[in-house]
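Work through the exercises below with the sequence and the model open. Each task is followed by a solution in steps.

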Amino acid sequence: MSETIGRTAALLDTVTAALDHHEQRHGQHEMATLVEHAIATKRHLVVQAGTGTGKTLAYLVPALASGASVVVATATKALQDQLATKDLPFLAEHLGIDFDWSILKGRSNYVCLQRLSEMANPDQGMLELDTMAVVTKAEIKRLADWSATTPTGDVAELDWAPTDTAWRSVSVGSDECPGAERCPQGAGGFAEEARRRSQAADVVVVNTYLYGLNVASDNAILPDHDVVIFDEAHVLEDVMSDTVGVEISPGRFVALAATIRRILDDPRLTGGVAELAESLRDALTPHVGERLTTPLPDSVQEPLTSARLRLGEVNDELGAIETTNEDAKQRKLRAQTMTGRSIQQLDIAIEGREGYVAFVSGSRDSPRLEIAPLDVGPTMDDGVWKRRTAILTSATIPSTLATRVGIASDAVDVADVGSPFDYESNSMLYCAIHLPNPNSPEFRAQANDELEALINAAGGRTLALFTSYRAMDEAAEEMRKRLDMPVLTQRDMPKTALVKAFADDEETCLFATAGLFQGVDVPGTTLSLVVIDRIPFPRPDDPLLSARREQLGRTAFSEIDIPRASMMLAQAAGRLIRNATDTGVVAVMDPRLGKANYRWDIVRALPPMKRTRHRSEVEAFLRSITADH
């Protein structure tokens, strides 16, 4: 094995030498060695790799060198795009190993040739188009023209954004598609072509949600593989809960009614399916944010039972349709597929499965009934851990991750390869320990005084993160009165434009909520101060987490709340130091970080910054940064 590890190290040196501004990274080499060892010994690995490690190359190089078939699952589109457009093409050029790779997405990401054929049909297609706006018709024509030239049919390839209505008209979801073998266009379809490419590839990149669907479908979606790498693995438990559970929303019945209407001319039946959306919305709205009993309350159970009976009737009517027209056959198959899958989900919701918790998420305008597993471990064990070697990595990993996703402690190695950045010299962690508890009525006013002093010392250059919109709005309103610098908030513009406006002006301050705790990358002097208003514990009334807390009992706080809060705080702190020359301060207004008996569990999860409780030290450090620039 030492020869193979030596080869991995040499390969990593070769490819990193081809990078612009190449520098030796000890953590990257350590992680590559750990990944190589995990694959060779078939032991699972959980590895935290701090910002700047270069973790994608650290897992791709040993994975490719091993000759194993690999699936990489990412939680965000940004990382998926980075792998597809940057890392894998770079390795193909410089690694010296021949390999094939592909990107595989869910069916609804690809244009459907059968739907385009139906839209072009002078009978059915014209009927559908007649009900659409002129703009939508023009977009569908544009998409049809594009489908004749695109190599992938992937909506991400477009340099313009079609409306949802237009794209839905030329695509199908997995709940609707009857499968390639039952579709005249299936063999040549873009989704099937993407699946064929993935079958032949050495590395397949997917999002974690699609991987979860693969687990839920007993590995029916992805090609068989030896190794799975979960990048951004800190969200793995939550994503798996979503995909192996059930979600029923009013919108499902609206979409189903539209699909049925394309083949069944029965206004009573199709109208009845559409009406199910309103009755379900009325039943769910009073329970938004609440956990439901098992069995479900009568007010929720009754519309679900009515929906089940009505869809059974629809299924019978669809089965009775006889046609020799190929387009009509396909419309019938899609309606049957979507109706059948809706019936399956309704049956699961109605029966009330043991080990699952029901709750209502979303908003009052758009509520969703979710049935999620209390413990994703058994499903993950059967679907992943017993079948292949897994590498779980992220810049921030909850301390209990392996346990929460069901990996046996004797089957996994856990490591932290750190970060190449000099946090001790370049950054400072400040806890405003003199402030009152965040639940105190005096906290907000005193925190605002603290915030004003810190922003002035930093000369703007501040990202202030809040655990609620209300706290963000109040702080922004107050700072706009007190400061000469511009203050932007998350409400002002879309995220991409917001981050650009912040990065383009060094004096600007950006106030945001949990949505920006991760995914903001602003290296350089634009950002010198990250302020966090309070330790970001998960909501005590979160329906799914509260059920899991009850299941765990006395250990729940240490197994659920502390790891999640630590991870969120570490992600927020990670916005500050994005390269080797960045400097700055992370200021936490919550005095519990310096007083509570669990404080060290949280502090140890943060980068190794020098620490202080004295604002004067922080102001001096911030002013020195401003003077240097």
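**Exercise 1. Which residues of helix H11 are buried?**

Step 1. Helix H11 covers residues 236-244; helices (H or I, at least four residues) and strands (E, at least two) are DSSP runs, numbered from the N terminus.
Step 2. Buried means under 20% relative accessible area, exposed over 50%, partly exposed in between (1.4 Å probe, protein chains only).
Step 3. By that cut-off the buried residues of H11 are Leu236, Glu237, Val239, Met240, Ser241, Thr243 and Val244. That is seven of its nine residues, so the helix counts as mostly covered.

This is a predicted model, in which local features need pLDDT of at least 70 and side-chain atom pairs count only at pLDDT 80 or more, while totals for chains, interfaces and linings use all residues. Residues are numbered from 1 along each chain as its sequence is written, and side-chain values use heavy atoms, with hydrogens and water left out.

**Exercise 2. Which residues of strand E10 lie on each of its faces, and which strands pair with E10?**

Step 1. In a regular strand the side chains alternate between the two faces of the sheet.
Step 2. In E10 (residues 389-394), one side carries Thr389, Ile391 and Thr393, the other Ala390, Leu392 and Ser394, and all are buried.
Step 3. Two strands pair if DSSP finds at least two bridges between them. Strand E1 (residues 44-48) runs parallel to E10 and is joined to it by four bridges, with Val47 as the partner of Thr393.
Step 4. Strand E5 (residues 227-231) pairs with E10 in the parallel sense over five bridges; here Val227 is partnered with Thr389.

**Exercise 3. What does Phe230 touch?**

Step 1. Leaving out residues up to four places away in sequence, Phe230 touches Ala73, Thr208, Tyr211, Leu236, Met240, Val384, Trp385, Ile391, Leu392 and Thr393.
Step 2. Phe230 is also among the residues with the most contacts inside the largest nonpolar core, together with Val206, Tyr211, Trp385 and Leu392; this core has 43 residues. A nonpolar core is a set of buried Ala, Val, Leu, Ile, Met, Phe, Trp, Tyr and Cys residues joined through side-chain atoms within 4.5 Å.
Step 3. Another core lies apart from it, with 39 residues, among them Ala63, Phe90, Ile229 and Ile391.

**Exercise 4. What is the strand order in the open sheet of seven strands?**

Step 1. The order is E14-E15-E13-E16-E17-E12-E18, with parallel pairing.
Step 2. Strand E14 (487-489) and strand E18 (610-612) are the edge strands, each pairing on one side only.
Step 3. E14 pairs with strand E15 (residues 509-512) over three bridges in the parallel sense, and Leu488 stands opposite Leu510 in E15.

Note on methods:
Contact means heavy atoms within 4.5 Å.
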